[in-house]
Structure formats: C-alpha cells, structure tokens
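Subject: Structure for you to look at

Hello,

Here is the structure I said I would pass on. My notes on it follow below.

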Amino acid sequence: MKPRRWLSLPPLLIVAVAMACWAVPGSAAVQSAAVQSAAAHRLAPAAVRATPSCNPVASSLRPTGPPRVTPGSFMAKIRARGYLIAGVSQSTYPFGFVDPLNGNTEGFDIDVVRAIAKAIFGKPNVEFKAISDAQRIPEVQSGAVDIVAHTMTINCARLQDVDFSTVYFEAGQQVLVLKNSRAKSLAGLGGKKVCATAGSTSIANIKAAPSHPIAVPVTNFTDCLVLLQQDDVAAISTDNDILAGLAAQDPWTKIVGPVFTSEPYGLAISKQHPDFVQFVNAVLQQMRTDGQWAASYAHWVGTPVPAPPPARYKD
Amino acid sequence: MTAVGDPPRPAQGARPALGQFVRATTTPAKLRLLLAGLVALCLVWGAVAAWVVSQRAAGANDAVSSSETLSLDGQQIYRALSDADATAASAFLSGGLEPINGTARYQADIARAAAHLESATAAAGHSPAARDLATLSAGLPVYTGEVQTARADNRLGLPLGAAYLREASALMRGTLLPAARHVSAQADAQLAAASGQATGLPLALVLLVAAVIVGYVLYRAQRWLLLRTHRRLNPGLALASVAGVISLLWLAIALTVARADLLQAREHGSTPVAALARADIAALQAHADESLTLIDAQGDDSFQADYLAIQHRLGPGPGTLLTNAASTAQGSPGGGSARAATTAATAWYRAHKTVRALDDNGQHTRAVQLVTTQGPGHSSTLFGHLDGSLTSAIAADQAVFRVHATAGRNAFTGLEIGVIVLSLIMAAGCALGLSRRLAEYR
C-alpha cells in the first residue's frame, strides 16, 4: 500500500499552531496562516481555506494623481494594442447586459469601463468579453482580460488572487420571490430551492444560511428568473440591485426581507499591474467628483442618487 | 394401478387392425399408406414454401415501406429541428428587430418537423424508435413555447429573452436532437435486419431441404409403382411432379431475383444513404455550433470545442464520416455528389477559421455577417455547398434504393398464393393417381 502522507497533516498542523503560539506573536500569524493554507489545499480546498483577515473596503492602492498613461506602464501597453479588454456580464440588468433592441452591451458597469477606456484613448475603445461569474478570477489571472467589471464583491478570499479598485458601488443580499409567496427571507425558505449564480458570494451565503435552503447554481441571473417563472425554484437570492433588475423584467415578483450582507463592488485587476489599479482608482475618483458616477447611477439604478462610496486605501 | 407381475393385455380387436395398417403387408394397404403419406407431404411442402415466401416478402416489405420511411423521417426531423435552432439563435444574434425571413424559416422548420414526426410515428408502430418519437412529440411544444417566450421578452427589450433562448437551445441539443438521431439509427438497424431477413440464406436452406425430401419421395413412389404395377406412367403422380417442379422453379427464380435486387438496393442504396445521412447530421450539428458560438454570451468555448470535435469526425480523412460516405457511395448515382461534399467540407472549415479569427479579434459584427448572410467566401454559403452535396447524394441513392427494393419486393407478387395452389394440385395429383391403382384391387 502507498503511504497516505496527508493523514499526518492534522497533527503537524497542531504542532505548528502550538509552536506559533509559543513563538513571537508577529511571525506566529504568518506561520500558522501558511501552514493552514497548505493544509487546506490538501484537504478540502474551498471549504477549509483559511483567509487572513483584511478590510475589503480599504484594500486598494492610492493613485499618485489624476489618470495619466506613463511610458512603460500597463496603460501604455493597452494603448499600443488599440483597445481595452473588459470581462463583463451580458445578462445582469442593469449592470452589464445586451440591450435586445440594439444588440449593444450596456449598463452601470459598462459605463465605468467606458470611462476608463476614455482615460486611456480619449475615446471608449473597449472590447467586451462576456464571462460568467465563475470565470471572473481565472480570466483576470490568465491575462485574458485587462479588467473585470461584473458586479464583483471585494472580499478577503478574492484579494488573495486578484487586486481590486476602490469600492464603486455598495450592494447587499436580499431575496426575490413570486408575489404570491409567503416567504419573508431565507429563514422561511428552509428545504426550498433558492437560485444564484455559480461562483458568486450569493450562492455561498445561501449554502451557509442556518435554515438550510437548497442552493441551485446557474450561469446567469436571468437563468434564475427563468427557473423562478417555471416554478423550478422558490426564490432567488443575491445583491438587491441585481434583484431589482430582475424584478423590473417580471412584475409578478417582489423583493422581501432585510439586507443581510454587505457587498462592496470593485473592479478586478491582475496583481501584476499595480500601476493599472492606481490608474483605475484615479478614474473612479474623477467619476465620483465630476458627476459622472451620479449621472450613471440615476440612469441605470434610479433616483434618489446617494453619495458615491468614498475611496479608501490600504495606506 | 395394476399389480406387479400382471402384464397389461392388449385390447382385442383394436390392435390387430392398427398393426395391419402400419405393417401394410398387402399391396392395397401399402397403397393406402402411400396415398396418405404423399398427400400429407405435398400439403406440408406447400405450407413450408408459403411460410418461407411470406417471411421473405415481409422482410422486403418492411425494408421498403416502414424502415426506410422511418429512417428518412428521422433524418428530416433532425434537419428541420437543427435548422430551427440555428435560425432562432441567429435571429437574436443580429440584435434589434428579428428579421422577418428568419421567423418564417423557423416556422417552416417547425412545421416540417411536426409533419415528419407524425408520419414517423405512424411508420414506427411498436418498434424501439417509438419511445424516441414520444420524447420528440412531448418536447417539441415545450421547445417552441420557450422560443416564443424568448421572442416575446425580446420584443419588450428584456435581457431575459436571451436566457429563455439558451434554455430552449439546451433542450433542443440535450434531448430533442439526440432523440431524432436515435430514430434514424434505430430505423437503419431495423432496415438492415429486414433486408437480412429478405436475403439471408437460412430460410432458403429450409426450402431446399424440403424440396429435396419431396422430390425424393415422389421419385421413389413412382419407381415403386412402376415395379409393382408394370405401368409406365401414372398420370396423377406425373401431374404432381410437374406441379412440384413448377413451384420449385418459380420459387428459385423469384427468390434469386428478389435477393439480387435487395442486395443491390442495400449496396447502392440504403448503405450509402445511411453513411451520407450520418455525415449530414454531423455537418448540421457543426453548423449550429458555428452560430451558437457567436451568440453564446458566456465566453465559454464549448460550442467551438464541439465544432472542432465534429470537424475531426467528419473529415475528410481515413475513417472519417465523409470519407466513409464517399467510399460507400462510390459507383452509385450519389457518388459524384458525395465526393464533392468532401471538398466542400474543407472549404467550409477554412471559412469557419476566418469567422473565428474575426470574432476573436473584436470583429464580432463582421463574423456574424459571414455566418448569417450569403456571399462569396461566406461561411454560410460554403456550408450550403456541403449540405447541398450531401442532400443530393442522399436523394440520388435513396432513389436507387426505392427502385431496387420495390423490384425485389415485387418479385414475390403472387408467389405465396401460387405455391399454395401448386401444392394443392400436387396433393390432388397424388390422391388421384394412387386411388386409381387402389381401385384395381376392389
């Protein structure tokens, strides 16, 4: 028989943690995190994966000034290529969707991407690449897209893999049901099917709900609405602004219950391009102050327009 | 129960009479026995020959009428549904108001599929294909309902429409098209079995053995009579012999002719048709992949991967569908078109490569144009050449099948009744001939 080496890992972990507690406090956290993450890789990747604590809303890089394409920067490379490549959704109304009336990709996320492209080229030269929720991190990591603008929540686990811009939108998870449903929140949906997209924070929250709803992962949020209309699921649970976009497409649905999570949206960029993160933050700062952000919010989400989420940085 | 040591005694009277008949010691008794035996033998011969003929004719009939119809309907259902799916997808592809000719084409496709579904269900009866046809009958309204919902949402400007279209397409590709493919495959298997039954050797062998036995017994009977009665010719037995020879000749000619025709129908008809149809179905599937790659807004390349997998299976190249189809169609009227299909396929693959290159480099609109509109070098036009070559090859070889298989079936016309009547004549001849001899002893 082959020796099953991973069996010896849990004792090793205990020893490591014990040693870490006994050692210098500063290095202890680092060591135990390293051992834990190695153990998590071998045992059960997603479930046990240890994430160092962080502050997701203050995790980005401070821009050095107004957006400027400096020679040798990643922005200069994008400019040489002639267009920005952005990973977006094409089915999340009103953030990123294809307008059936003209075939164009539009939405709040799309406005932000266009503003960034404009800061690079002077005009919005963007190639939109439609990606699913689950593809967001791999697409950024592989360099297939320069940036992802896709109702993406900034959290500590994702910050391990990619960099984020400052927060450009604040959402929170709620529940969408048919008008005749008596469910008031996830608590009333125990044992019932609840839909969200695969690879989203929403589906993880549904799985973790104490009432144990049955999580139904799909590719797009519109797929969830199809299932709800066909009575295949009892509810959809995701960010309130996305639910509002779905409710706008079906007057027989309603949003119920409290907002039970906080989902700060950021633009995902490869960890290899900190200069681009700074550049994007500078563009976002401009949008916050010159009224572009408010205009886009009013157009896609509606009035009254709140104050844009403030820019907070790591330092 | 009888006691041990007390053997049962035969009943008086009954046993000696029977023993006398079976032992047939006297000439009249022998003649009586011979008469009964010959009449029975002639009737058995008639029954065996009629049974063999009915089996063969049923096989030929099954091949011509039901199996071939079913296979053809299966192909047509697949073609119509696959085109409906690609048409519905490309209507959304173009953005804006759906082009009216796209809607018309989709509706014509659905109507065609429904018509073939009905005739296939009638032809299938209780064959294994019936279950797949039931799947199609149940799934088609669900599919059209979803496409209609997609269309209505699209008209309202709701992005939800695209989700309904994806769901409809998934139903089509995951359930309906495989069922249609299955119908054709099962019908082809049924056709092969039917044509095997109509041309196979075991039944002919049964007939041959029966003929040898009847011929030998008739010959021995006449010889015995000749020796016993010193008469050269017994008209009754002679009549029976002539009738026997006629029925044997008729059987031999009909079976040989039918066999030759049915083999011809298989070799230059149904076999190339089945191979060509397999290639055509694969080509249609790849064509739908080409459209769906452009519409699928998920950024995954599953449709393109499917296209490449099919391209690999389709060929041309050794062991591929197109090359197999071209080689089985060699020498048949569809051979030329089948060869043309292999070159058309290569040209289409090149155009598809151009489409992919354009789409991958941000020229989506131009790529869509190449797939949805006709023009020199356009992918849609070149696919049209491939599909056109395959369909005309299929039509040509199907005509060959029809002509030969019908001729093969017609060779059996009247044969079953014929052999029964001839066997009755044989029995009557034997009875007549022997009863005359028997009368001489009264």
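From the N terminus on, the elements of chain B run α-α-α-α-α-α-α-α-α-α-α-α-α. That makes 13 helices and zero strands in chain B. Please bear in mind that this is a predicted model.

On overall form, chain B has a radius of gyration of 34 Å, whereas the globule rule gives 22 Å for 442 residues, so chain B is more spread out than a compact globule. Along the principal axes, the C-alpha atoms of chain B fill a box of roughly 110 × 60 × 40 Å.

Of the contacts in chain B between residues at least 6 apart in sequence, 80% join residues at least 24 apart.

Next, the contact between the two chains. Chain A puts in 24 residues and chain B 17 residues. On the side of chain A that touches chain B, β3 (96-98), β5 (126-130) and α9 (221-229) each supply at least two residues. Which of the elements gives the most to that side? It is α9(A), with four residues. By type, the residues on this side of chain A divide into ten nonpolar, ten polar and four charged.

One helix of chain A is also worth a note. In α8 (residues 201-208), the residues T201(A), S202(A), I203(A) and I206(A) are buried.

Regards

Note on methods:
Residues numbered from 1 in each chain as written. Chains lettered and ligands numbered in written order. Predicted model: local features only at pLDDT ≥ 70, side-chain atom pairs only at ≥ 80, totals over all residues. Rg over C-alpha atoms; globule rule 2.2 N^0.38 Å. Contact = placed C-beta atoms within 7 Å. Buried ≥ 20, exposed ≤ 12 C-beta atoms within 10 Å, placed from the backbone. Nonpolar A, V, L, I, M, F, W, Y, C, P; charged D, E, K, R; others polar.
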